Amino acid sequence: MTLRLHDTMTRRLQPVEPLRDQEIRLYTCGPTVWKRAHLGNFRTYIFEDVLRRWLERRFPHVVHVMNLTDVDDRIIKNAREHGHGLESETAPWIAAFYEDRDTLGIKPAHHYPRATEYIEAMVSLIERLEQAGAAYRSDGSYYFHIAAFPQYGRLSGTRAADLIAGASGRIDADDYEKEDARDFALWKAVAPDDVYGWDTRLGRGRPGWHIECSAMSMTLLGESFDLHCGGVDNIFPHHENEIAQSEAATHKPFVQLWCHGAWLLMVGEKMAKRVGNVVTLPELLEDGAQPAALRYMLAASTHYRKPLNYSDEPLAASSEAVERLVAFRDRVAELSVVEDLEDNRTVLKAVREARTGFGDAMDDDLNLPEGMGAVFTAIRELNRILDSTPVNDATRSAMVALLDEVDDVLGVFPLVDRARHSSRELDAEELGLLQARVDARAAHDWGESDRIRRQLTERGIAVEDTPAGQRWKRVP
RNA sequence: GGCGACGUAGCCAAGUGGUAAGGCAGAGGUCUGCAAAACCUUCAUCGUGGGUUCGAUUCCCACCGUCGCCUCCA
């Protein structure tokens, strides 16, 4: 089966077929580094991470580019207030972004181009557009001439003519002189004494927002590449404008397939800095949220094209789902195998069905929630078998392989392991309590045993008894 | 006003023209000294009203509700 994704342009599922060799070139819109990214931002990045991981399973080569927008009005405003350069303003937010990315187990992109490092590429692109009659200069700034690009609006399904009529009261927020209200800035002139600008062949100024992504994506991935993703909000105007800029300059199809992830909602309303209902990763961790649970919630609790309503409940449910996966994975890892047994056909069949079910679901527009359904079905079946039947090593390995394959995309086990390894070692007193409980149990002193267990529980150590003896784990 | 998404059990959620995966929570049970884990059983007619069809939750229409986009918010 081949991977198919919902393409925003055609609004239907399209097969992913590499334009070049067996290589998939993926561009995802990254953060504007003016503030710490919030959980909603990470919903999109995790969707893209899942996509990237699945692409890597399906294709030999995947190149993933994520831009960092390190110059825009808000960044400049803040830099001006702080009295330092853009670099000083954005560096902490870039570091914070990388930190949060790693906390959530998001694979680093292969390239993180920064807008400020691609000024020349943007200038060249704007010059090409001007030569093609698709850009014009006004008061030192450059604008894209929408009338020169008849296909404008195809991605978002907006007819250009409607853009003015309807409006949301925000269109005259721009002070610059444009020929047409729909035209957008490619290059914004700044005063000669303004430090936040670049001297270029276009004059002193700074880039518009959309041009950076066109310039960086085409520089790194070529004038036509495979996949371009972002949050739904990027469809219009950002990606619409990118298409216009890129295709008006190159006269080639810009992107083969567009994917967009849905919003993360907070009490029914989208989470956005502007709305003021954002929550950041450090805040969530402070409240005791586990990275693995957060990742599961964002990646697997609902399909990436459906809004996800964030609250404690889905997070708690995700946490339990991860627990169930981990418990099974631990069980399989600790299984004592019996060598002179035949392969357990029932196990192998269940594993095979889970792998097929998972793969088919993923190939069908990254339906991870459905894929997990197949996995959990198998886990119940496998637990039942393991309750009563010993298995040989090959059978055990098949189960390990299934889990590896699933988590290669889901990506929660490394986060769980990291949390385990970083948790404090038991101190002498705690070790003493555990030993005392072993002794009490050996003496069948259940009262003492239970008393010690409660003591440990209060210290955040859960103790349970298994046929192999007592085991413990830290609980958050 | 234009465009679009969504509405499935207490919660989250997948899905299909032929009577609904999975996760969480709940109830009962098996196992356990007791728990935990695991397993078993149990818990929905798919927003409302029409239509098409032998048959619709799945297709069409209308309505209600929620949410989003409409120039720089992932």
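What is the order of the strands in the open sheet of 5 strands? The order is E5-E6-E7-E9-E8, and the pairing is antiparallel. Strands here are DSSP runs of E with at least two residues, helices are runs of H or I with at least four, and both are numbered from the N terminus. Two strands pair if DSSP finds at least two bridges between them.

This is a predicted model, where local features need pLDDT of at least 70, side-chain atom pairs count only at pLDDT 80 or more, and totals for chains, interfaces and linings use all residues. Residues are numbered from 1 along each chain as its sequence is written, and chains are lettered from A and ligands numbered from 1 in the order in which they are written.

E8 pairs with E9 (residues 203–207) over 3 bridges, in the antiparallel sense. Asp 199 stands opposite Arg 204 in E9.

Next, helix H6. H6 covers residues 209–221. Buried means 20 or more other C-beta atoms within 10 Å of a residue's own, with C-beta atoms placed from the backbone. In H6, 11 of the 13 residues are buried, so the rest of the structure largely encloses this helix. Among them are Trp 209, Cys 213 and Leu 221. Just after H6, Gly 222 takes a positive phi of about 100 degrees.

Last, Asp 49. Asp 49 sits in helix H1 (residues 39–58). Asp 49 counts as buried because it has 25 C-beta neighbours inside 10 Å.

Conventions
The expected span of a helix is 1.5 Å times one less than its number of residues. A residue is buried if 20 or more other C-beta atoms lie within 10 Å of its own, exposed if 12 or fewer, and partly exposed in between; C-beta atoms are placed from the backbone.
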